[in-house]
Amino acid sequence: MIRPAADTSFGIGTVRLPNPVLLAPMAGITDAPFRRMAQRFGAGLVVSEMVASDALTRGHAETVVRAEGEGIAVHAVQLAGNEPIAMAEAARHVEGAGAAIIDINMGCPAKRVTTGLAGSALLRDLDLATRILAAVVGAVRVPVTLKTRLSWDDTALVAPELARRAEALGIAMVTIHGRTRCQFYTGSANWSAIRAVKEAVSIPVIANGDLTMADDAPAMLEVSAADGVMIGRGAQGRPWFPGQVARRLADGVTPADPDLDTQRDVLLELYDGWLCHYGRDLGVRTARKHIGWALEAAAIRAGRPALDGHAWRSRLLMLDDPALVTDGIRTAFDDLSWRCAA
């Protein structure tokens, strides 16, 4: 386990966090088992995957599962939608279910989201975005935060104006992914463009995008002038990574990745968690992408070519029997350990 970082406590409204390193909400990834593990390794805050407000208020079973936060110290739920009334109702729902922070998604670039005028589509309608922010802030007592992008495209950087409006309405923190919607996840995140948002507001601003190495975190903060960082894809297969970044920022020390035995045990615990969280069939399917990423991380830790992890991934992702999968995980890590020692 990674040793906790020195005290670098950080506040979002009335909520105090141990450090300003956040795990990003990622659809199909940051479910409750994964968030609990990232929190255990030292992430300052872990945010649920995106929850559709209208589906949540209708009681859609899979959506309700996405909003669960059992065992998480500070439960943060991200909501998405384009109707102020529905967003307010969903916010009251998750607050009543124990959410300590509510995050509003105005950054998702997926076509299925933006076609419905939600996510980053709201960057093209700041007046609607403002009404949504006002409705949610007015509906709950817990801090409300906003996650968005720089703009829809390169024609106008609207994030500073949206952040100013958000702060005026009582939003407690803004996270900026340093890309436009039209970039999706291509190219490089523009950390320096986030500085304009920080200069526009006095509330905390969090920088997001392309942080995959702990040693890059100080530069991300310096270039963006942000108050903290949010990690997305860099944590895939590595729930310990936000904790590593927290240590790097607090102490100037970058911890090594956990040894292979620890990584194996983490994956096995997560696998059991997914089976319990989703049920057997959906749990098996949900776990596959995580197993693939975990094996790639393990191959790197073993100092072996990525091909070693890929070979085991191809075998394990074909299995439907949980007992065979857990046996395969153990065998894969034994093989990687043996190759590492050879």
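In the predicted model, the charged end of Arg124 sits over the ring of Trp152, 3.8 Å from its centre, where a charge is taken to sit over a ring if NZ of Lys or CZ of Arg is within 6 Å of the ring centre and within 35 degrees of the ring normal. Arg238 likewise lies over the face of Phe241, at 4.2 Å from the ring centre. Residues are numbered from 1 along each chain as its sequence is written. Because the model is predicted, local features need pLDDT of at least 70 and side-chain atom pairs count only at pLDDT 80 or more, whereas totals for chains, interfaces and linings use all residues, and side-chain values use heavy atoms, with hydrogens and water left out.

Trp152 is also among the residues touched by Thr180, together with Arg149, Ser151, Asp153 and Asp154, when residues up to four places away in sequence are not counted (contact: heavy atoms within 4.5 Å). Thr180 is placed in the loop between strand 9 (173-177) and helix 8 (191-200), and counts as buried at 5% relative accessibility (buried: under 20% relative accessible area, with a 1.4 Å probe and protein chains only).

One aromatic pair is present in the structure. The ring centres of Phe41 and Trp240 are 6.1 Å apart and the planes stand at 70°, so the pair is edge-to-face (centres within 6.5 Å, planes over 60 degrees apart). The pair links distant parts of the chain, 199 residues apart, with Phe41 in the loop between helix 1 (32-40) and strand 4 (45-46) and Trp240 in the loop between strand 11 (228-231) and helix 10 (241-251). Phe41 counts as buried at 2% relative accessibility, and Trp240 is buried at 2%.

Note on methods: Helices (H or I, at least four residues) and strands (E, at least two) are DSSP runs, numbered from the N terminus. Buried means under 20% relative accessible area, exposed over 50%, partly exposed in between (1.4 Å probe, protein chains only). Rings of Phe, Tyr and Trp (its six-membered ring) pair if their centres lie within 6.5 Å; planes under 30 degrees apart count as stacked, over 60 as edge-to-face and the rest as tilted.
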